[in-house]
Amino acid sequence: MKKLVILGAGTAGTMMLNKLYPVLDRNEWQITIVDQFETHYYQPGFLFIPFGIYSKKDVIKPKRDFFPTGVNVCMGEIDKIEPGSNRVLMKDGKVLGYDYLIVATGAKINPGETEGMLGDLWYKKIFDFYTIEGAVALANFFKHWEGGKLVVNITEMPIKCPVAPLEFVFLADWYFTERGIRDKVEIHFVTPLPGAFTKPKASSILGDFLDKKNIKLTTDFNIGRVDNENQKIISWDEREVPFDCLVTIPTNMGDEAIARSGMGDELNFIPTDKHTLVAEGYDNIFVIGDATNLPSSKAGSVAHFEADILFENFIDVIEGRKPRARFDGHANCFIESGFGKGILIDFNYDTEPLPGKFPLPGVGPFSLLEETKMNHYGKVMFRWMYWNFLIKGKELPIESHMSMAGKRL
């Protein structure tokens with residue numbers, strides 16, 4: 001039998017499992033999915049936990065709920081991939097041979113990469129919201145916080161969901177306004193980027209929102225260390241930003257197994273053909289989601305669009321053809337802007353976010369680069385779509401490639 005091994009049962013890996021399992025002949029294929037954790041997290045929901053909108057139970061489900069009956073599940077930690085031998089070595093000594101490999105090992109935060117980040121104030125006055133533990137700890141802190149300097153700092157790019165830090169400051173503005181202490185909270189967004197976002201057009205618009213909401217913006221700030229004693233972050237060029245509460249988006253890195261395998265870059269992301277999603281240098285290894293080094297957003301929507309492309313290319317390859325489908329870097333992101341409103345952006349490798357309607361040209365119901373209540377509803381509805389459609393590999397009425405229909409230049 002031919003063997004397909006999928007490393008990682010997060011969003012991307014589970015989607016690929018559910019897309020491929022029904023079409024691969026079970027008499028000819030053995031499919032194995034590998035992960036070390038039993039719990040599946042709806043990661044976009046972490047953003048809402050610090051503000052009491054979601055609780056922990058709203059963002060977790062058992063991973064096995066989303067596996068097809070009969071698939072081979074291997075729960076354990078990956079030691080390394082040996083691509084020359086077509087096998088995966090597990091920490092428990094198990095060896096998984098493969099004919100084809102899909103790597104979906106994702107990305108995670110590594111606060112230890114920044115000097116002082118994991119000091120005395122960690123989870124006391126310094127928090128992340130990219131983990132369930134960090135989001136819950138921050139929620140408990142905010143409940144009783146009476147105000148001060150709230151600093152939200154991106155350590156370095158790339159990060160998962162690049163708009164999430166902006167959403168965080170917008171929601172903080174709303175949250176503290178609702179609590180009646182907004183005048184006591186100074187919100188400061190500190191980024192290594194030259195603007196509020198990675199795309200210039202969207203950055204300009206989002207920067208205006210920061211001004212309107214009285215959120216201070218500091219750009220080109222490359223953090224070098226955290227001074228726990230004096231409660232400030234210090235850049236490599238010795239600029240200082242004081243804080244009473246620091247919300248950090250630490251360095252995001254790929255899985256350590258990728259480093260042990262000698263397959264990653266300096267951040268453990270795998271060099272991947274940005275169109276075909278084939279791992280560079282390996283004809284039988286595909287990479288999807290946050291595990292890639294693609295110049296696209298590390299976001300759930302990107303993994304969804306990549307999954308459609310990878311499905312086509314995988315079928316091409318196993319049937320002896322060259323992969324023909326091309327991923328264009330398509331991403332779309334709902335941005336919570338607070339007070340029951342949101343913004344939507346849609347872009348790809350080559351095209352900046354543009355105004356218009358989405359997904360139906362001229363109809364919507366969502367408006368691009370505009371702050372609307374409908375965009376907020378789209379963000380809220382996405383959790384239901386995620387659990388019931390996206391993660392199960394079902395078709396959604398959104399094209400994998402970015403469409404220019406309905407957009408205005």
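Me: Which residue is the bridge partner of lysine 3 in β2?
Reply: This is a predicted model, in which local features need pLDDT of at least 70, side-chain atom pairs count only at pLDDT 80 or more, and totals for chains, interfaces and linings use all residues. Residues are numbered from 1 along each chain as its sequence is written, and side-chain values use heavy atoms, without hydrogens and water. Strands β1 (residues 2-7) and β2 run parallel and are joined by six bridges; strands are DSSP runs of E with at least two residues, helices runs of H or I with at least four, numbered from the N terminus, and strands pair if DSSP finds at least two bridges between them. Within β2, lysine 3 has as its partner glutamine 30.

Me: How many of the seven residues of strand β2 are buried?
Reply: Strand β2 spans residues 29-35 and is mostly covered. Buried means under 20% relative accessible area, exposed over 50% and partly exposed in between, with a 1.4 Å probe and protein chains only. By this criterion, the number of buried residues in β2 is six.

Me: Which residues of α3 meet Leu138, Phe142 and Lys143 in α2?
Reply: The axes of helix α2 (residues 132-144) and helix α3 (residues 164-178) come within 12 Å and cross at roughly 30 degrees; axes are lines fitted to C-alpha atoms over the stretch in contact, with angles from 0 to 180 degrees between N-to-C directions. Contact means heavy atoms within 4.5 Å. The α3 residues that meet these three are Phe168, Tyr175 and Phe176.
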